[in-house]
Every structure is written in structure tokens, then in C-alpha cells.
Amino acid sequence: MVSYVQEPSICIVLQREREIYLGTECQYFDDSHLMFCPVNIPISLHIEHATIETPVIVLSMKLNLTTIREVLAKIPPPKQSINKRYLGIKWPLEDTVLSVFERLIDLLNYPNDIVFLASLIQQEIYYRLLMAQKGEKLRQLVVNGSHTHRITQATDWLKTHLSELVVIEDLASSCGMSVSGFHQYFKEITQLSPLQYQKSLRLMEARRLIQLGEEQISQIAMQIDYESPSQFSREYKRLFGIIPSSELI
């Protein structure tokens, strides 16, 4: 199990499949779905079936907000009805989107064309996503004042204030949202509650520090605001499947 914070990005499994855990919830991804992460999301990755002959191959493209805004400014609103409800990070992979990604990968066979064509193909990827049935969710990411944009502010704050006490009322207020609305949209976008999100970030940082081996586990637990070593160990095992001291063996 590998844990990390997935940056705002689009990820496509080109071969085999992988399991993505958000907290304790597991979602399977193969070549029929893409993973759309509009904000930083703490995830754990597990790959069960892979060999040297047939490895899991994943393409990840970091979201470029400037380019998305530029593309959005040039296209008309989509004609189809828009489903404004957030569907989580797992989206059906439409053929039109997959074909553009395939052309982007194919540029590896034509290195002299990469400088000129790569940016154009990436623009087409954003165009296809924006015009897709769920494209409104990508639009919301770059629209100031949208729910997605506000939750992005909250996740950025949580990531840079790991050890601080979170008062949800204050965090919601700083985003210009009611507490109930903040909870609702935060979980729809990240698949985690604000406190679950912060806990996952803290435990991932703790794992990184433990694996460095430069500090005692008890010191690391206190550093990320765990006063009880036993609670830290329980929650660490719940997320990673092993106790903290196992990382030192």
C-alpha cells in the first residue's frame, strides 16, 4: 500500500487496474474510468494484479488552471443538460477523451513534435472534458466563488496547517459557506469529511517522517497533534494496515 497526496490532476489507467482508498473506502479503476482530482486529495494506492510482463500503466496529467481558463474563454456553453451534482473522483472515460490522451502518448514516437504539439493536444483534452456531460465540474474549478473553488481554498489551508486545531465553523466562514454546506461540498469533492481529510494528511506526514528514521515515533505523533500514542497507533494501523513501529523493521 502506497500513500500520497494526489495533486489536482486527471489520471487514466491504460493497462490492468488499481485500487484507490480514500480513508477506508475503496474504488477500483481500470481503463473504463478516469480519476478526476480537482483538489489535493490524500489517497492510498494498492495494486493486486501486476507482473513484469503486464504491469499497471497509469497516465497522470496535472491540471493547469491557466490553460483551462484560456480554453473555457474560447468555447460556448455546452448544449446538453448539466448535472451539477458532484460524482466523486471516478468518472466514466469517454472515447473522445481517451483518443486525445492516446495522441498525446503517441507523441513519444515523434520527439521533434512534442514542443509544438503537446500543448495543443492538452488544450484539446481540456476542451473535451469541458464539453463532456460532467464538464461543469471542471468549469467550477476555475470559477471564483464556485463551491469547488472554495473547497480548494479549504484543502490548501488544511495542507499547510497540519498540526493546528481545526474549527470547522471558522474554516467554513473563511470560505464564505455555511457549516452544513461546507460539510456537504467538502465530502462530495474530496470523498472525505474535513476532519477525515486532515487526519489522513497528518498520518501520511507521520509515515513519511517515520520512514526517514530521524525522530522517535512518539515525537512524531506529538508533532502532528496526537497526544495519545495508543490512539495514534490505532489510527495509523486503520489507514495503513500496519502499526507505526513496523515501518522501522
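1. Axes here are lines fitted to C-alpha atoms, for helices over the stretch in contact, and angles run from 0 to 180 degrees between N-to-C directions. Helices (H or I, at least four residues) and strands (E, at least two) are DSSP runs, numbered from the N terminus. The model is predicted: local features need pLDDT of at least 70, side-chain atom pairs count only at pLDDT 80 or more, and totals for chains, interfaces and linings use all residues. Residues are numbered from 1 along each chain as its sequence is written, and side-chain values use heavy atoms, with hydrogens and water left out.

2. Helix H8 (residues 194-212) and helix H10 (residues 229-240) have axes that come within 10 Å and cross at roughly 95°. The two helices are therefore roughly perpendicular (65 to 115 degrees).

3. Glu 247 lies in the segment after H10, 40 residues from Arg 207. Arg 207 is buried at 11% relative accessibility, and Glu 247 is buried at 17% (buried: under 20% relative accessible area, exposed over 50%, partly exposed in between; 1.4 Å probe, protein chains only).

4. A further salt bridge pairs Asp 225 with Arg 202, with the closest N and O atoms 3.7 Å apart. Asp 225 is partly exposed at 37%, whereas Arg 202 is buried at 8%.

Key
Parallel < 35°, antiparallel > 145°, perpendicular 65-115°, else oblique. Salt bridge = Lys/Arg side-chain N within 4 Å of Asp/Glu carboxyl O.
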